[in-house]
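Let's take a walk through this structure together. Have the sequence and the 3D view ready as you read.

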Amino acid sequence: MHYRKFVADHLFTGRRMLDDQYALIARSDGEIEGIIEKKDAGEDIETYKGILSPGWINCHCHLELSHLKGIIPEHTGMTHFLLSVMSRRNIALPRIMEAIEEAERQMVNAGIVAVGDICNTPHTLSQKSKGNLVYHNFVETMGFQDALADNRFEQALQLYKTFAGMPVSIAPHAPYSVSRSLLALINDYPGNEILTIHNQESEEENVFFRSGGGAFPELFGALGIDISGFHPSGKSSLQTCLPSFEKKDSSLILVHNVATSAEDLQWTAHYRLRYPLPELYWCLCPGANQYIQGRLPDIDLLLSNGCKLTLGSDSLASNHRLDILEELKTIQRHFPHITLADLLQWATLNGAEALHIQDRFGSFDPGKSPGILLIEEAENQRLSEHTRSRRLL
Ligand SMILES: [Zn+2]
């Protein structure tokens with residue numbers, strides 16, 4: 001086996017930033033051999049200007065919506081966005097498939113190596129079968145009324161079976177679109193151990209659970225969904241739905257968290273002391289949040305409460321690119337005090353842990369094949385609009 005030796009200005013291991021005195025040794029097939037001091041690395045060292053990093057993990061995408069790129073106007077708010085997506089589902093299949101292929105190519109070129117992808121259809125199956133990227137498929141289900149739960153779960157199970165052979169789970173869409181009965185079926189399904197849910201993407205979601213008011217009743221009306229049996233919990237969206245997740249050894253990726261409050265996070269910490277909860281990962285999709293509502297989650301608040309953060313691109317319906325580095329740039333622009341090492345860990349190791357693929361991805365530990373990226377034009381470990389990443393191996 002041939003070995004390659006990489007040295008750059010900085011080497012991000014998945015956990016911390018090392019300097020140019022360390023060499024990353026990898027087999028030519030991509031498997032990491034280890035990190036050693038440069039002085040012990042011998043001849044044939046490849047030297048680069050920039051930062052070496054494991055490949056990006058995109059924890060939240062909807063590849064099947066790629067044909068909606070550039071179609072839905074920006075900054076029109078959450079309920080308008082949902083209606084726009086739902087009203088544009090009758091697109092010709094060849095156009096959908098072409099957009100899926102192009103969007104995947106974009107992710108590969110952007111240095112993404114693994115994706116948590118939401119599926120409402122089997123459209124992405126053939127592209128994913130080519131093996132260009134590793135996917136965890138989240139078959140998404142929704143159904144607001146308890147009486148629909150068995151039926152909706154059965155439908156999700158059919159799609160779940162078409163993805164068999166790849167990593168797959170059944171996941172609820174959002175607290176406001178699934179009944180307690182449907183959540184119970186999802187939680188109880190054997191092997192369904194990597195879950196995700198869109199969480200508190202807008203404040204309207206909290207308003208709906210607290211009082212039954214806000215913009216959501218109008219959305220349900222427009223979609224013809226009867227909510228006459230709904231009783232507001234008087235609590236936030238997160239505090240209403242989290243007790244339905246009670247598998248201890250599973251992980252739950254909470255996506256967006258734009259309207260998550262300090263009280264929600266304190267409540268979650270106290271709740272966890274008394275009741276079983278999955279390991280929680282808080283996935284940030286800043287590009288999509290900006291696109292839809294022009295706001296971002298309070299990342300400082302999430303950090304000060306010890307939340308494990310990951311990154312997602314969301315779909316091309318609500319983002320200009322499927323590119324994790326672009327997401328990090330957006331965060332750094334708004335939260336300039338966060339170190340690059342922290343940002344990179346969210347986008348690599350944390351994401352791999354959330355998708356239960358940390359045995360292969362997310363860090364330069366021996367035996368993993370996480371992909372080796374070179375991040376260029378990041379002077380003084382700051383991202384700028386010129387910063388780019390490319391795959392070295
Ligand atoms: Zn989403």
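What follows looks at a helix pair, a proline and some salt bridges.

Keep in mind that this model is predicted. Start with helix H4 (residues 149–162) and helix H5 (residues 180–188), whose axes lie 9 Å apart and meet at an angle of about 40 degrees. The two helices are therefore oblique to each other, and their crossing is right-handed. On the H4 side the contact is made by Ala149, Asp150, Arg152 and Phe153, while H5 contributes Ser181, Leu182, Leu185 and Ile186. Sorted by class, that contact has 5 nonpolar, 1 polar and 2 charged residues.

Next, find proline 54 in strand S5 (residues 45–54). Proline 54 is buried, because its relative accessible area is 0%.

Now to the charged pairs, with 19 salt bridges counted in the model. Arginine 105 and glutamate 101 form one of them, at 3.8 Å from N to O. They sit 4 residues apart in helix H2 (residues 93–109), so about one helical turn separates them. Another joins aspartate 365 and lysine 368 at 3.5 Å; aspartate 365 is partly exposed at 23% relative accessible area, whereas lysine 368 counts as buried at 6%.

Arginine 390 and glutamate 376 also meet in a salt bridge, at 3.1 Å. Finally, salt bridges with shared partners join Arg321, Asp323, Glu326 and Lys329 into one network.

Methods: Residues are numbered from 1 along each chain as its sequence is written. This is a predicted model: local features need pLDDT of at least 70, side-chain atom pairs count only at pLDDT 80 or more; totals for chains, interfaces and linings use all residues. Side-chain values use heavy atoms; hydrogens and water are left out. Axes are lines fitted to C-alpha atoms, for helices over the stretch in contact, and angles run from 0 to 180 degrees between N-to-C directions. Angles under 35 degrees count as roughly parallel, over 145 as roughly antiparallel, 65 to 115 as roughly perpendicular and the rest as oblique. A crossing is left-handed if the near helix is turned anticlockwise from the far one by less than a right angle, and right-handed if clockwise. Contact means heavy atoms within 4.5 Å. Ala, Val, Leu, Ile, Met, Phe, Trp, Tyr, Cys and Pro count as nonpolar, Asp, Glu, Lys and Arg as charged, and the others, Gly among them, as polar. Buried means under 20% relative accessible area, exposed over 50%, partly exposed in between (1.4 Å probe, protein chains only). A salt bridge is a side-chain nitrogen of Lys or Arg within 4 Å of a carboxyl oxygen of Asp or Glu.
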